[in-house]
Amino acid sequence: MKIFKIIGWIALVLFTVFGVLGGLFLFGRGFYELSVTLFVLIFLIDFFIINPNGYPYRYMIPALILLFILVLYPIAFTIRTAFTNYGTGHIMTRQEVVEKLLVDPIYTYTVDDGTRFKYFVYIRFEGTQPTKDFKVIITDGQDTYVARDYRTLKAEAGELILGEAELVRLADSGLRYERQQGRIELINDGGRIFKYFYSPEDPNTSINEEYFKYSILFPVLSKIEFVDNAANRYSIRQNEEGKLLLYEIKHMYKLGLAEVIEKGKSVVKTVLINTSTGRPLIEENGTIYDINEKGEKVVVAGYISGYGLKNFTRIFTDPTVSGPFAKIFVWNFTWAALSVLFTFVIGLILALVLNNPNLRGRAIYRSLLIIPWAIPAFISVLVWKNGFFNETYGIINKFIVTKLFGAEPIKWFNDPFWAKFAVLTVNTWLGFPYMMVVTLGALQSIPEDYYEAAAIDGATKWQRFRKITFPLLMTTVAPLLVGSFAFNFNNFVNIYLLTGGGPAMPNTTTPAGSTDILISYTYKLAFEGGRGQDFGFASAISILIFLIVGSLSFINFKLSGSFEEVNR
């Protein structure tokens, strides 16, 4: 037993140490919410295990982990994102963007009057098979240089981003080599033999071009910069004719000191500088701008930065956003309220019919009427979309509207009114069985004595329903109606699968549709925006949805008497 106890304590120590190290790593990478969540979780787990009084809570550790990782962290991350410009063009941190501008080969240019070199690639073979181990010989027609083994300057996820190789004179490199007909055919580097393989200047090596491109050039060589003793840089680039030649290059941007205006004051700070024009780059609201020849600002890159309350104020102050948002907001409440109303009324009527003891075959009717609830919702939605509401071959348009009434086909998904009618119809079809089952159970719990006493007093059927059935029914069903309203308020699947939120609203800069509800609108902003993804704005709307649904849940708890039970 002592051995198992010792193993347990060792496991706890290792868990704590690696957890803390992981949290520090995440904090250093900018994942503040996740790192804080991890630290608190580690503290609570250690406390429950070490503290004897926390013994009962040890069984809650798995649930605690899921709570923190799947609930609390997403909430914290969403809140943080809502106050940033996180989205397309602003995905990386400033540090990552600056590093990319400084080292990425994309941000280089060839020097027009720079030195032109010819290069020759030598490959080490294993038997008859070429490997990815190579040497590069460079010559300007007078001097011959060899590139030493490159060193990695920047790499991500094991992929080379930028490498650097020093150029030295072949005569001073210490390498042994053999020439044939004036050309170097073989290089011996400490026993490693490299054979002549490829040069764009030599048509006899064109047979090796494909292997060179896909095994040597694209993965490695195109990302290496060769540096001579004068600090000039050279790299392989493709010319207008598609040839892969070696050019003298320069990086577009470098770090330097420059005088800039901040908050109305002139300060000297480290900024990015355009190496061609010598002008410092401008940073505004998480976007880096360069100045072109006409003096105009040109976007270079963007990074995640604080946005304050702009995402929230944009909802109410930007006319191209506030107008569609207000329509979606009103329609969201209308959609949820009508969905609850229609499903409840139809479910109540059917429940009253099925509750009649004189009705024969009630079990069969109940089984048939519950089918829409039993079938997966996404299947039913697609059947309605393609089988009933299709404007060309749907049953309603093809047989009822055009042939039976001789009218024009209804534009189910292109007309805002009919699109809303369609989504309400489908949602009613999917929701009434639930209301029927709930209401039927509530009806059967009402004592028959109440009805007998009312009948003796001469009450009609309508009076019995209005004075006895409906009030007693609502005491049971009212909290469920509130819960159904909250569910339909975020009923993303039915809206998205049936209409995709369409038809599109005119005069809006966001992907808003006439049948969009807030949750589908948020999804479009985050993942399907026509101008790119806008996670910050989508997170702001998510917080509003959370507050609305949270308020509805609070009402639901009050109606169900949960708080009263606690207060007792």
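# Rings, charges and cores in a predicted model

Tryptophan 418 has a relative accessibility of 28%, so this residue counts as partly exposed. On this scale, buried means under 20% relative accessible area, exposed means over 50%, and partly exposed lies in between (1.4 Å probe, protein chains only). The model is predicted, and local features need pLDDT of at least 70, side-chain atom pairs count only at pLDDT 80 or more, while totals for chains, interfaces and linings use all residues. Residues are numbered from 1 along each chain as its sequence is written, and side-chain values use heavy atoms, with hydrogens and water left out.

**Rings that meet**

Let us stay with the aromatic residues. How many aromatic pairs does the structure hold? The total is 40. Rings of Phe, Tyr and Trp (its six-membered ring) pair if their centres lie within 6.5 Å; planes under 30 degrees apart are stacked, over 60 edge-to-face, and the rest tilted.

Tryptophan 373 belongs to helix α9 (residues 371-374) and tyrosine 434 to helix α12 (residues 416-444), so the pair ties together parts that are 61 residues apart in sequence. Helices (H or I, at least four residues) and strands (E, at least two) are DSSP runs, numbered from the N terminus.

Now back to tryptophan 418. With centres 5.5 Å apart and planes at 75°, the rings of tryptophan 418 and phenylalanine 421 are also an edge-to-face pair. These two residues are three places apart in helix α12, which separates them by about one helical turn. Phenylalanine 421 is partly exposed, with a relative accessible area of 39%. Both residues also belong to an aromatic cluster, whose members include Trp384, Phe388, Trp412 and Trp429.

**Charges over rings**

The charged end of lysine 195 is over the ring of phenylalanine 125, 5.8 Å from its centre. Lysine 310 lies over the face of tyrosine 307, with 5.3 Å to the ring centre.

Phenylalanine 125 is found in strand β2 (residues 118-126), and its relative accessible area of 26% makes it partly exposed. Leaving aside neighbours within four places in sequence, its contacts (heavy atoms within 4.5 Å) include Pro130, Ile193, Lys195 and Phe197.

**Salt bridges**

A salt bridge is counted when a side-chain nitrogen of Lys or Arg is within 4 Å of a carboxyl oxygen of Asp or Glu. By this rule there are 21 salt bridges. In one of them, the closest N and O atoms of arginine 314 and aspartate 534 are 3.0 Å apart. Arginine 314 is in helix α6 (residues 310-317) and aspartate 534 in the loop between α16 (518-528) and α17 (535-560), so this pair ties together parts that are 220 residues apart in sequence.

Lysine 524 and aspartate 516 meet at 2.9 Å, N to O. Arginine 124 bridges to glutamate 126, with 3.7 Å between the closest N and O atoms. Arg124 and Glu126 are also linked in a network of salt bridges, with Asp133 and Lys135 among the other members.

| Residue | Relative accessible area | Class |
|---|---|---|
| Arginine 124 | 22% | partly exposed |
| Glutamate 126 | 53% | exposed |
| Arginine 314 | 22% | partly exposed |
| Lysine 524 | 10% | buried |
| Aspartate 516 | 0% | buried |

**Nonpolar cores**

A nonpolar core is a set of buried Ala, Val, Leu, Ile, Met, Phe, Trp, Tyr and Cys residues joined through side-chain atoms within 4.5 Å. The largest one has 60 residues, and Trp335, Phe389 and Leu498 are among those with the most contacts inside it. A second, separate core of 25 residues includes Ile123, Phe197, Phe226 and Ile236.

Most residues other than glycine have a negative phi, and most peptide bonds are trans. Alanine 231, however, has a positive phi of about 70°; this residue lies in the loop between β10 (224-227) and β11 (233-238). Asparagine 285 also has a positive phi, near 50°. The peptide bond from glycine 502 to proline 503 is cis, with omega near 0°.

Conventions: Lys NZ or Arg CZ within 6 Å of the ring centre and 35° of its normal.
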